[in-house]
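Thanks for coming. Please look at the sequence and the structure first, and then I will go through the strands and the core.

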Amino acid sequence: MRIAAGILILSLCACGGAAPEKPAADPALEIPALAVYVTNENSGDLTIIDAGKNAAIATIPLGKRPRGISVSPVRELLYVAL
């Protein structure tokens with residue numbers, strides 16, 4: 001996880017059908033192939049939801065007022081505006 005110029009960059013896992021990997025935020029966290037990423041502006045974090053089970057699997061603290069998510073063209077990074 002890196003922060004550069006007000007943009008938080010998270011490494012995405014299991015993008016494009018690849019096998020799940022472990023993100024920098026929590027080495028023990030397994031991200032499913034079908035995951036939903038949601039920013040929570042009031043609490044200042046990002047929730048990862050397992051869409052197959054319809055359950056939150058992790059919440060990652062980000063900083064003040066995260067909003068807006070964009071995925072890199074190669075689907076390896078998730079950009080979050082802070």
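How many bridges pair β4 and β5, and is the sense parallel or antiparallel? β4 and β5 pair over six bridges, in the antiparallel sense. One of the contacts puts isoleucine 49 with alanine 56 of β5 as its bridge partner.

Some ground rules. This is a predicted model, where local features need pLDDT of at least 70, side-chain atom pairs count only at pLDDT 80 or more, and totals for chains, interfaces and linings use all residues. Residues are numbered from 1 along each chain as its sequence is written, and side-chain values use heavy atoms, with hydrogens and water left out.

Strands here are DSSP runs (E, at least two residues), numbered from the N terminus. Two of them pair if DSSP finds at least two bridges between them.

Now the sheet. Three strands form an open sheet in the order β3-β4-β5, with antiparallel pairing. β3 (35-40) and β5 are at the edges with a single partner strand each, so one side of each has no neighbour in the sheet.

Next, the hairpin. β6 (residues 67-71) and β7 run antiparallel and are joined by four bridges. Arginine 67 stands opposite alanine 81 in β7. The hairpin has five residues between the strands, and arginine 75 takes a positive phi near 60° there.

Last, the core. A nonpolar core is a set of buried Ala, Val, Leu, Ile, Met, Phe, Trp, Tyr and Cys residues joined through side-chain atoms within 4.5 Å; buried means under 20% relative accessible area (1.4 Å probe, protein chains only). The largest one has nine residues, including Leu29, Ile48 and Val80. β4 (45-50), β5 (55-61) and β7 (77-81) each supply at least two of its residues.

How values were computed
Buried < 20%, exposed > 50% of the residue type's maximum accessible area, 1.4 Å probe, protein only.
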